[in-house]
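Please open the model in your viewer and keep the selection tool at hand. The tour below moves from stop to stop, saying what to select and what is found there.

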Amino acid sequence: MANISDVAKKANVSVATVSRYLNESGYVGKKSRAAIECAIKELKYTPSEVARSLSTKQSDLIGLIIPDIKNPFFPELARAVEDTAFKYGYTVILCNSDENVEKEQHYLQTLSKKYVAGIILTSIIDSEKHSNEFNIPMVALDRPLDLDIPTVTTDNRKGSKLGTDFLIQSGATSILCLTGPTTLSSTKLRLDGFLQAIEGRQIETHIIESPYDFEAAQQIVFEYIQAHPDINGIFAFSDASAIGALKAAHRLGKKIPEQLQIVGFDGTQMGEVVTPGLTTVAQNIYKLGEAATEMLIQQIEGKTILNLSKCIDPQLYIRETTRKEST
C-alpha cells in the first residue's frame, strides 16, 4: 500500500506539502496540487484516518457510552445515534460500561486520547461525582448530569405520574413500585412522579429498588409478591424490569390483568413482542438519540446551541397488561 512518502516522491514535492494538501492546513500551489492529485490517483493512495487524527487532533469519530447493551432500551437508542451520525458524515464507536464505574471512566479516558470528535454519554455515575475533565465536546443522554454540557432527556417525572395515574384509574389499589438504581437522577425523578400520583389517594404502596435487568427483576418480584399477595398493580421504571415482573407473575399463577396489572417505562419494541403486550410509558427513543447526536455535532462544528437542555415528552402505550376499562 502506498504511503504519504510515496505520494510526495511521485509528485516531486515534499511530504509536508502533501500533508498540507490532505489536511487543507496551508497553501499548496496549483501545479503541486495537480501533481499530488495525479500521484494519489495513480498510486491508489488512501489517507490514513488514524494518522490524520494524530496530526490534526480531529476526527469524524463519535464515542457513545451506554450502561447495558442487554437492556433493549439502549440498542434502540444506539441505533438512533448511529443513523443520525452517519447522515452527517460521522462514525460511532460504541462502548458498553456494564453499569461499572471503572469501565465508564476507562472508556471516557480512552476515547478522549483517541481524538474522537466528541462523546455522547449515558452515565451510571452520580452527577455530583462527575466532571468533564477531558475538555472535549460532550452530551449527556437519558440520564442528566450536573454539568454545564448539553443534555437530552425524557420528562421522567411527567412520564412516571402518567403511568401511575393510569394504573390507579384502571383499578389498582395496592401498587408495587419497582424503581431503578437509586443513585441515578432519572430514578429520583421517576420516583417523584410516582409519589405525586399517589398523593392524597387511598393506595397501598410498596417501593423497592431493582436493577434494570430482566432476571434480577423477575426474582425480586417473585419473592416480594409471595410475601405480599394482595398487590394488584406494578409500576416498573423500565420495560426490562416490567417484563421480568410479568414472568414472575406467570410463575406465581397470577392472571394478567385480572389479578395483577403491570405498567413499564421505556417504550421498547420488546413490549410489543411479549404476551400479553406490555402497557408502558413510552419514551421517544429515536428522537432522544437523534437530538443528542445533532447537539454534539453542533458543538464539534463550532455552532451555537441555543438550548442546552432538551426534555422530550413521553406518552402512554396501552396494551394487554392493564385493563381497558378505567374505574
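Before the first stop, one term is needed: contact means that heavy atoms lie within 4.5 Å. This is a predicted model, in which local features need pLDDT of at least 70 and side-chain atom pairs count only at pLDDT 80 or more, while totals for chains, interfaces and linings use all residues. Residues are numbered from 1 along each chain as its sequence is written, and side-chain values use heavy atoms, with hydrogens and water left out.

**Stop 1: Leu288 and the cores**

A nonpolar core is a set of buried Ala, Val, Leu, Ile, Met, Phe, Trp, Tyr and Cys residues joined through side-chain atoms within 4.5 Å. Here buried means under 20% relative accessible area, exposed means over 50%, and partly exposed is in between, with a 1.4 Å probe and protein chains only. The largest nonpolar core has 23 residues, and Leu288 is one of those with the most contacts inside it, together with Ile62, Leu77, Ile120, Leu141 and Val152. Helices (H or I, at least four residues) and strands (E, at least two) are DSSP runs numbered from the N terminus, and the elements that give two or more residues to this core are β1 (61-66), α5, β4 and α12 (285-300). Of these, α12 gives the most, with 7 residues. Apart from this core lies another, of 21 residues, and you can find it by selecting Phe222, Ile231, Ala248 and Leu278, which are among its members.

**Stop 2: the cavity**

Which residues line the largest cavity? Select Asn71, Phe73, Phe74, Asp142, Arg143, Ser186, Arg190, Tyr212, Phe237, Ser238, Asp266 and Gln283 to see the lining. A cavity is a set of points, on a 1 Å grid over the protein atoms alone, where a 1.4 Å probe fits but cannot get out, and lining residues have an atom within 4 Å of a point. Grid points are joined across faces, edges and corners, and a volume is the space filled by probe spheres set on the points. The structure holds 1 cavity of 30 Å³ or more, and the volume of the largest cavity is about 60 Å³. Its lining divides into 4 nonpolar, 4 polar and 4 charged residues, where Ala, Val, Leu, Ile, Met, Phe, Trp, Tyr, Cys and Pro count as nonpolar, Asp, Glu, Lys and Arg as charged, and the others, Gly among them, as polar. Both α5 (73-87) and α8 (185-198) supply at least two residues of this lining.

Now select Asp142 from that lining, which lies in the loop between β4 (138-141) and β5 (151-154). Although Asp142 is not a glycine, its phi is positive, about 75°, and at 4% relative accessibility Asp142 counts as buried.

**Stop 3: helix α8 and its cover**

Next, select α8, which has 14 residues and reaches 20 Å from its first C-alpha to its last, close to the 20 Å expected at 1.5 Å a residue; the expected span is 1.5 Å times one less than the number of residues. Its buried residues are Ser185, Ser186, Thr187, Arg190, Gly193, Phe194, Ala197 and Ile198, and what covers them includes α7 (156-169), β6 (174-179), β7 (204-209), β8 (233-236) and β9 (261-266). After α8 comes Gly200, with a positive phi near 80°.

From there, move to Thr205 in strand β7, which counts as partly exposed at 32% relative accessibility. Leaving aside neighbours within four places in sequence, Thr205 is in contact with Ile175, Phe194 and Ile198.

**Stop 4**

Not counting residues up to four places away in sequence, Ile36 touches Val7, Ala11, Val13, Thr17, Val18, Tyr21 and Val28.

Then select Asn12, found in the loop between α1 (4-11) and α2 (15-23), which counts as exposed at 71% relative accessibility.

**Stop 5: two cis peptide bonds**

Finish with Ile256 and Pro257, joined by a cis peptide bond with omega about 5°, and then with the bond from Thr275 to Pro276, which is also cis, with omega near -5°.

Definitions and conventions
On a 1 Å grid over the protein atoms alone, a cavity is a set of points where a 1.4 Å probe fits but cannot get out, and a pocket is an open set with protein on both sides within 12 Å along at least five of seven lines; lining residues have an atom within 4 Å of a point.
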